[in-house]
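Let's take a walk through this structure together. Have the sequence and the 3D view open side by side as you read.

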Protein chains: 2
Amino acid sequence: MSANDTEPLDLATLRARIDEIDLRIQELISERARYAGQVGRAKGKLAAAVDYYRPEREAQVLRRVVDRNQGPLSDEVLVRLYREIMSACLAQQEPLKIGYLGPEGTHSQQAVYKHFGHSVHGLPLSSIEEVFQEVEAGNADFGVVPVENSSQGTIQSTLDMFLTSQVKICGEVELRVHQHLLSRSGRMEDIERVYSHPQSFAQCRAWLRQHLPKAETIPVASNAEAARRARNADDAAAIAGASAATVYGLRIVAGPIEDRPDNTTRFLVLGRELFTPSGHDRTSLLVFIRDQPGALYDVLAPFARHGLSMNRIESRPSYTGRWQYAFFIDVEGHAQDAAMQKALAELAGFAQDVKLLGSYPVAIP
Amino acid sequence: MSANDTEPLDLATLRARIDEIDLRIQELISERARYAGQVGRAKGKLAAAVDYYRPEREAQVLRRVVDRNQGPLSDEVLVRLYREIMSACLAQQEPLKIGYLGPEGTHSQQAVYKHFGHSVHGLPLSSIEEVFQEVEAGNADFGVVPVENSSQGTIQSTLDMFLTSQVKICGEVELRVHQHLLSRSGRMEDIERVYSHPQSFAQCRAWLRQHLPKAETIPVASNAEAARRARNADDAAAIAGASAATVYGLRIVAGPIEDRPDNTTRFLVLGRELFTPSGHDRTSLLVFIRDQPGALYDVLAPFARHGLSMNRIESRPSYTGRWQYAFFIDVEGHAQDAAMQKALAELAGFAQDVKLLGSYPVAIP
């Protein structure tokens with residue numbers, strides 16, 4: 001009954017086997033849902049999803065899925081299927097409400113579904129500030145906000161919200177974006193005009209300057225629109241995802257052409273609680289410190305001393321006092337880890353204030 | 001090992017059981033993907049998804065899922081999970097390309113994912129006409145177009161495309177939309193203003209005229225926006241989905257309030273091929289007939305005679321000749337069924353032309 005038999009099976013046999021597998025998958029999914037219901041059933045009553053959603057537990061489940069995957073489906077596809085199964089099991093009573101920067105159809109919405117699956121209520125909001133507010137007020141269970149684009153850097157307005165808001169970070173999501181140069185003929189020398197969305201131009205600026213310095217760049221509303229236009233002339237090209245080449249019958253002239261090979265947008269998941277370790281976590285801190293010689297070194301030293309690698313540091317004026325700075329710091333590890341606790345204790349010794357924004361599972365591709 | 005044990009299990013035991021189930025689900029999904037790969041592997045090479053996608057087979061799988069479902073997950077949720085599993089298994093080589101009326105975030109996009117799962121390339125297009133063209137030209141494997149809204153009736157421009165296009169119908173999708181009246185206080189007598197999207201107002205026109213004849217109706221960009229506005233005043237209400245009440249902390253004053261209780265948008269799936277019966281199918285026909293006394297009766301009679309119930313009939317000027325009419329007809333059954341073949345043969349005896357638009361599985365909720 002292995003699918004690796006050397007003898008190819010006829011269609012009817014293959015379908016009969018798939019039917020058998022489907023029956024068993026269904027039994028197992030239903031059984032899983034019943035157990036998940038028991039997890040959520042405090043005092044005999046099934047709780048709302050927000051009361052028993054555990055991001056660290058979901059991360060562990062997904063990492064195991066990736067670890068044992070031997071194909072043929074990709075890790076990414078399997079993770080997506082598992083997100084959906086967990087999402088469905090969790091939403092039996094009242095689904096999670098997830099606020100995000102709308103409107104619908106944005107990358108933020110994609111990030112919501114990538115992280116939470118589709119058994120949630122997505123709640124499109126009109127600003128990043130509003131996402132913070134709705135989470136803080138309890139109108140949304142969680143929020144998803146963009147915080148970093150690998151081409152254009154940190155989204156300052158998101159970081160600044162943490163200066164005053166009480167929300168916690170309880171997850172991160174990464175969406176990867178590759179750009180390609182597409183045209184009808186596939187020949188670089190024909191290209192006199194390039195269509196794309198302004199953000200995609202920004203992501204490929206250096207490449208364009210080097211390879212197509214004389215081409216006219218024409219911003220359009222979406223990369224799909226760009227590909228559609230490029231289809232109609234030999235002297236036109238589009239910057240778009242590779243899938244647009246297939247869809248619009250274009251050739252890939254060059255790609256990936258984004259200036260940063262890891263062209264990714266990173267999102268933070270906002271909540272009201274701190275969660276326990278998942279085994280592979282990241283901690284975000286906001287450290288307030290007086291401006292004095294060696295301040296930055298003082299902030300970095302405790303983490304180095306305890307072998308904690310730092311992923312990111314960013315300084316911002318804190319608005320709460322003159323000569324005072326706020327540092328946003330991302331460090332590997334969880335706030336409950338022994339090494340991190342020692343580093344935090346040392347940091348507290350000289351910082352004016354240390355705010356734990358959250359410890360959360362590192363993004364799963 | 002049943003989840004219905006009377007003794008409640010502790011959290012660690014529950015999670016261990018879920019982990020065990022997850023392992024088995026993953027093995028089965030991978031095995032399913034390998035068999036699906038064998039189905040698609042003609043002459044040793046895995047074919048593109050479009051070459052072995054079979055809508056009638058998918059419909060059969062989904063109907064079985066519904067038939068054997070005993071909870072706790074709803075039929076709808078299970079069907080969605082299975083759509084995703086099938087979608088992933090199918091997309092191993094080259095995913096399906098599905099054209100739809102864009103932009104992203106529309107109901108049409110929702111219909112695409114509801115029908116095909118998320119392992120497809122959605123291709124947002126700027127008009128219904130373009131969806132037909134891209135399918136016909138082979139740039140999209142399939143297309144999804146709205147054809148009927150139960151409140152506002154048939155979308156004529158979609159039907160008219162069939163008069164000249166050669167595409168076939170190979171599926172239908174239904175999206176259900178319920179409307180509720182929401183407000184902060186929950187009291188009907190407080191309401192002086194109602195916010196909603198114009199389409200939602202249209203769907204609840206009679207109800208509003210009867211119950212809130214004096215209230216001011218204020219159109220806004222989305223129902224979510226309407227709910228957000230209603231939250232800020234006691235004399236305001238919103239028409240929106242019930243989930244908006246939870247999300248925005250509003251009370252349901254009344255609902256469902258749509259004038260047609262089955263407020264649904266129906267979409268057609270367009271392709272280039274005809275498919276075989278799934279066991280519960282619908283057939284769409286385009287019948288050209290001269291305008292003469294009794295013409296309509298003549299069209300209906302063969303179906304009645306062979307016990308085939310008609311779901312819909314709609315007459316349109318055919319544009320191809322004076323005094324000629326085209327009838328769009330939906331009939332229960334498949335064109336390969338014996339009764340349908342007899343009816344079609346009789347119809348051919350007096351109609352000028354009968355165009356089989358497609359026989360396809362009836363929509364699965």
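Two strands count as paired if DSSP finds at least two bridges between them. Strands themselves (E, at least two residues) and helices (H or I, at least four) are DSSP runs, numbered from the N terminus. You are looking at a predicted model, in which local features need pLDDT of at least 70, side-chain atom pairs count only at pLDDT 80 or more, and totals for chains, interfaces and linings use all residues. Residues are numbered from 1 along each chain as its sequence is written, chains are lettered from A and ligands numbered from 1 in the order in which they are written, and side-chain values use heavy atoms, with hydrogens and water left out.

Let's begin with a sheet in chain B. Five strands form an open sheet in the order β10-β9-β11-β8-β12, with mixed pairing. At its edges stand β10 (216–219) and β12 (251–254) of chain B, each with a single partner strand, so one side of each is left without a neighbour in the sheet. On average, neighbouring strands are turned by 35° against each other, direction ignored.

Now look at β11(B). Strand β8 (residues 180–183) of chain B runs antiparallel to β11(B), joined by 4 bridges, and there L181(B) has I239(B) as its bridge partner. Strand β9 (residues 193–196) of chain B runs parallel to β11(B) with 3 bridges, and V194(B) stands opposite A237(B). β8(B) also pairs with β12(B), in the antiparallel sense over 3 bridges; in β12(B), the partner of L181(B) is A254(B).

How many residues of strand β11 (residues 236–240) of chain B are buried? The count is 5 of the 5, so the strand is largely enclosed by the rest of the structure; buried means under 20% relative accessible area, exposed over 50% and partly exposed in between, using a 1.4 Å probe and protein chains only. In a regular strand the side chains alternate between the two faces of the sheet. Here both faces are covered: A236(B), A238(B) and A240(B) are buried on one side, and A237(B) and I239(B) on the other.

Next, turn to a pair of helices. Helix α6 (residues 128–136) and helix α7 (residues 156–164) of chain B pack at an angle of about 35°, with axes 9 Å apart; axes are lines fitted to C-alpha atoms, for helices over the stretch in contact, and angles run from 0 to 180 degrees between N-to-C directions. I128(B), E129(B) and F132(B) in α6(B) meet S157(B), T158(B), M161(B) and F162(B) in α7(B), where contact means heavy atoms within 4.5 Å. Among the buried residues of α6(B) are I128(B), V131(B) and F132(B). Just after α6(B), G138(B) takes a positive phi of about 85°.

Finally, consider the aromatic rings. Rings of Phe, Tyr and Trp (its six-membered ring) pair if their centres lie within 6.5 Å; planes under 30 degrees apart count as stacked, over 60 as edge-to-face and the rest as tilted. The whole structure holds 8 such pairs over all chains. In one of them, the ring centres of F132(A) and F162(A) are 5.0 Å apart and the planes lie at 80°, so the pair is edge-to-face. F132(A) lies in helix α6 (residues 128–136) of chain A and F162(A) in helix α7 (residues 156–164) of chain A, so the pair ties together parts that are 30 residues apart in sequence. F132(A) counts as buried at 1% relative accessibility, and F162(A) is buried with a relative accessible area of 0%.
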